[in-house]
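Hi everyone, thanks for coming. Today I'd like to walk you through one structure, so please have a look at it with me.

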Amino acid sequence: MSQPPVEQRSAWRALAEHADDMGRRHLRELFAEHQGRFAAFSRQAAGLTLDLSKQRWDENTLALLLNLARDAGVPDAIRGLLAGERLNLSENRPALHTALRLPADARLEVEGEDLVPSVHSTLDRMAAMVERFHAGQWRGVTGKPIRDVVNLGVGGSDLGPLMVTHALADYRPEGIHRIDVHFASTMDGSQLADYLTRLNPETTLFVLSSKSFTTIDTLTNARTARDWLKARLLGGDRQEGVDEALVMRQHFIGVSASPDKMREWGIADEHQLEFWEWVGGRYSLWGAIGLPIALAVGMANFRELLAGAHNMDRHFSEAELGDNLPVLLALAGIWNVNFLDIRAHSILPYDGRLEYFAAYLEQLEMESNGKSVNHDGEPVGYSTCPVLWGQLGPNAQHAFYQLLHQGTQSVECDFIAPRVRYDDVADPATRDHLMSQHRLTLANCFAQSRALMLGDAALEDEGPRPGHKRYAGNQPSSTLLLDRLTPRTLGALVALYEHKVFVQATIWDINPFDQWGVELGKTLAGETRRILEHQAGLEGMDDSTRGLIEAVWEAESRESS
């Protein structure tokens with residue numbers, strides 16, 4: 001007999017009753033009553049320290065949340081995810097991004113096949129490619145070494161590699177032929193057009209990253225890149241013996257789960273990398289989609305990234321729920337969304353290298369858990385994923401922090417920073433100055449979370465304040481400290497959030513591994529494009545869309561007359 005929906009079960013109801021009291025408590029009171037909150041609500045694993053003491057909860061709250069996790073089957077779900085069970089029910093397949101970071105001596109048999117050899121075979125192919133590039137031996141059709149690589153992808157094929165290459169820019173290997181990596185994702189071509197005005201076609205290669213190899217955004221940019229190369233390399237100054245097939249061979253690499261489509265498009269078999277159906281796009285940076293990362297930071301550092309993620313996988317698998325970082329971070333989110341009615345979540349890194357981390361998490365969380373039906377296809381009776389947004393914390397302080405401090409809605413915040421930075425700078429004077437800057441950054445990070453917690457009570461010595469200067473405080477936040485930002489700790493950080501999303505999805509009884517809502521927009525975009533191009537078929541459009549299309553036709557008519 002199936003269980004009732006999660007919100008009708010006793011564990012959920014107990015939390016709802018508890019929230020009636022806790023919802024009236026202020027963080028100032030909770031800290032005053034419990035002097036050891038940091039020790040009680042902080043945990044460490046895989047080079048990360050997670051401080052949850054500024055969440056609006058107490059030890060009883062956490063105990064009730066852990067009961068909810070057990071009641072929802074979180075321990076079994078963790079085991080099933082890592083064992084390769086078919087947890088993606090709507091597509092009837094496993095979600096095995098964790099297999100991409102297993103060490104070579106591991107074994108993971110899924111439905112009779114050990115996946116580890118094929119994963120490491122692809123990593124070895126990547127390594128061979130990277131070595132050719134870094135040795136200056138991957139040459140374009142005119143014989144010059146490739147110098148610039150442009151990744152053409154969108155969503156998970158863009159955001160993950162972009163985020164990591166930026167975060168690990170300090171880890172670019174020395175003593176190699178330098179490869180500059182660029183990213184173009186927008187279907188309007190604006191990013192790509194900028195690159196094409198600056199790059200040399202003789203020394204430029206494009207990586208086409210698309211799981212299905214049908215993504216219109218990526219293929220549109222790819223066709224533009226192909227036409228640019230052909231015009232420049234097969235034009236009037238073409239060299240003898242250079243033909244289109246050779247251009248395609250030397251200037252394109254494909255990453256996809258559809259080798260036939262890559263081959264049909266013209267990408268040589270030996271320049272293809274495998275992307276498995278059991279890896280979702282937003283979980284894919286750990287495999288061949290990570291080629292741009294490896295080109296930027298070297299294969300050794302890429303493997304360190306995988307090792308850090310695997311460390312977090314092991315922690316997720318082995319730690320008790322009450323000491324499990326992904327579980328605890330997930331439960332904080334559940335408490336805020338479902339019991340304190342806080343439905344906005346801001347990601348605030350205090351390190352410029354994490355500039356794209358918030359954008360990465362926006363896709364990871366909202367595409368995964370932006371769902372309104374459960375595994376049975378029935379509408380859920382509770383909120384699921386909050387709205388995520390964020391920016392570098394030091395910049396956001398001068399932008400949207402006003403809303404965080406004095407706005408009319410509560411926002412949960414994640415503050416993220418490395419504990420140590422710049423200690424390895426060789427020049428002592430420069431090192432001291434930069435370390436002082438880092439301490440200033442940390443001071444702002446810690447002060448902002450304190451201000452959100454205490455409000456103007458932190459300024460008691462200043463006396464009464466007029467209304468427009470009052471800060472209510474009581475805004476919940478989590479703080480994540482990395483020992484330092486390295487490939488290994490970054491891997492652990494990303495895996496932490498992946499697993500957090502999975503735990504929340506398990507409790508909400510939703511599928512975090514499909515994205516059918518995205519497909520609707522793609523289908524309607526194709527239909528609308530045909531109408532725009534053929535100037536026919538408006539009859540089935542709504543009045544707004546019809547008016548917008550007619551406005552475009554009118555503008556095109558004026559331009560052509």
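This is a predicted model: local features need pLDDT of at least 70, side-chain atom pairs count only at pLDDT 80 or more; totals for chains, interfaces and linings use all residues.

Let's begin with strand 12, residues 412-418. Is this strand buried or exposed? All seven of its seven residues are buried, meaning under 20% relative accessible area, so strand 12 is largely enclosed by the rest of the structure. You can check that face by face: E412, D414, I416 and P418 are buried on one side, and C413, F415 and A417 are buried on the other.

Which strands pair with strand 12? One is strand 10, residues 344-349, which runs parallel to strand 12 and is joined to it by five bridges. Within that pairing, I416 is the bridge partner of P349. Another is strand 13, residues 477-482, also parallel, with six bridges. There, L481 stands opposite A417.

The largest pocket has a volume of about 1000 Å³. It is lined by 40 residues, and those closest to its centre are S212, T215, Q515, E519 and K522. Helix 20 gives the largest share of this lining, seven residues. By class, the lining has 12 nonpolar, 17 polar and 11 charged residues.

The second largest pocket holds about 640 Å³ of space. Its lining has 29 residues, with N374, H375, T506, D509 and I510 closest to the centre. Here helix 19, residues 487-508, provides the largest share, four residues. The classes in this lining are 16 nonpolar, seven polar and six charged.

Notes. Residues are numbered from 1 along each chain as its sequence is written. Side-chain values use heavy atoms; hydrogens and water are left out. Buried means under 20% relative accessible area, exposed over 50%, partly exposed in between (1.4 Å probe, protein chains only). Helices (H or I, at least four residues) and strands (E, at least two) are DSSP runs, numbered from the N terminus. Two strands pair if DSSP finds at least two bridges between them. On a 1 Å grid over the protein atoms alone, a cavity is a set of points where a 1.4 Å probe fits but cannot get out, and a pocket is an open set with protein on both sides within 12 Å along at least five of seven lines; lining residues have an atom within 4 Å of a point. Grid points are joined across faces, edges and corners, and a volume is the space filled by probe spheres set on the points. Ala, Val, Leu, Ile, Met, Phe, Trp, Tyr, Cys and Pro count as nonpolar, Asp, Glu, Lys and Arg as charged, and the others, Gly among them, as polar.
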